[in-house]
Amino acid sequence: MKKKLLIPLMCCNIFVLAQQQITGVVQDATTSQPIANIRIAAADTKTIAITDKNGRFTILLDERTGKTVKLRISGSGYVTRNQTAELPLKNSMLFLLDPK
């Protein structure tokens, strides 16, 4: 019984270790205020994050993403921005969006 439980747990740990994380904040370029409900999408993946009320987001990508990822940052009332990120990131990202 113990052996049966151990194998699924080992698989889960391998998957978690293979992920890369992108964190950041989205702010209004004019007011520097955080923007909620902004969509950050990683191109060529189905990975999407939505900013919280403080403009913060986190995206988890698997190791197959490669060394760079193209991000598309968009939201109602703001000009869409495209940004390439080099992985792994050492710092949190900051995106300033211009109002339409």
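1. A quick word on terms before the surface figure: accessible areas here come from the Shrake-Rupley method with a 1.4 Å probe. On that basis the protein exposes about 7200 Å², and carbon and sulfur atoms supply 55% of this area. Please keep in mind that the model is a predicted one.

2. Now the overall layout. The protein has one helix and seven strands, and along the sequence they follow the pattern α-β-β-β-β-β-β-β. Of its 100 residues, 27% count as buried. If you look at contacts with a separation of 6 or more, residues 24 or more positions apart account for 47% of them.

3. The sheet to look at is an open one of three strands, in the order β4-β1-β7, with mixed pairing. At its edges stand β4 (56-62) and β7 (93-97); each has a single partner strand, so one side of each is left without a neighbour in the sheet. From one strand to the next, the twist averages 30 degrees.

4. How do the pairings in this sheet run? In general, strands of a sheet pair through backbone hydrogen bonds, either parallel or antiparallel. Strand β1 (residues 19-28) pairs with β7 in the parallel sense, over five bridges. With β4, β1 runs antiparallel, and seven bridges join the two.

5. Which side chains of β1 point to the buried face? They are Gln-20, Ile-22, Gly-24, Val-26 and Asp-28, which point to one face and are buried.

6. One residue elsewhere deserves a point of its own. Asn-82 lies in strand β6 (residues 81-86). Is this residue buried or exposed? With a relative accessible area of 54%, Asn-82 is exposed, because the cut-off for that class is over 50%.

7. What does Asn-82 touch, leaving aside its neighbours within four places in sequence? Its contacts are Leu-71 and Arg-72. With Arg-72 there is also a polar contact, side chain to side chain, at 3.4 Å. For a spatial reference, Asn-82 and Ile-40 are 9.6 Å apart, C-alpha to C-alpha, and 42 residues apart in sequence.

Terms used. Residues are numbered from 1 along each chain as its sequence is written. This is a predicted model: local features need pLDDT of at least 70, side-chain atom pairs count only at pLDDT 80 or more; totals for chains, interfaces and linings use all residues. Side-chain values use heavy atoms; hydrogens and water are left out. Helices (H or I, at least four residues) and strands (E, at least two) are DSSP runs, numbered from the N terminus. Buried means under 20% relative accessible area, exposed over 50%, partly exposed in between (1.4 Å probe, protein chains only). Contact means heavy atoms within 4.5 Å. A polar contact is a pair of N or O atoms within 3.5 Å; within protein, one must be able to donate a hydrogen and the other to accept it, and residues adjacent in sequence count only if both atoms are side-chain atoms. Two strands pair if DSSP finds at least two bridges between them. Axes are lines fitted to C-alpha atoms, for helices over the stretch in contact, and angles run from 0 to 180 degrees between N-to-C directions.
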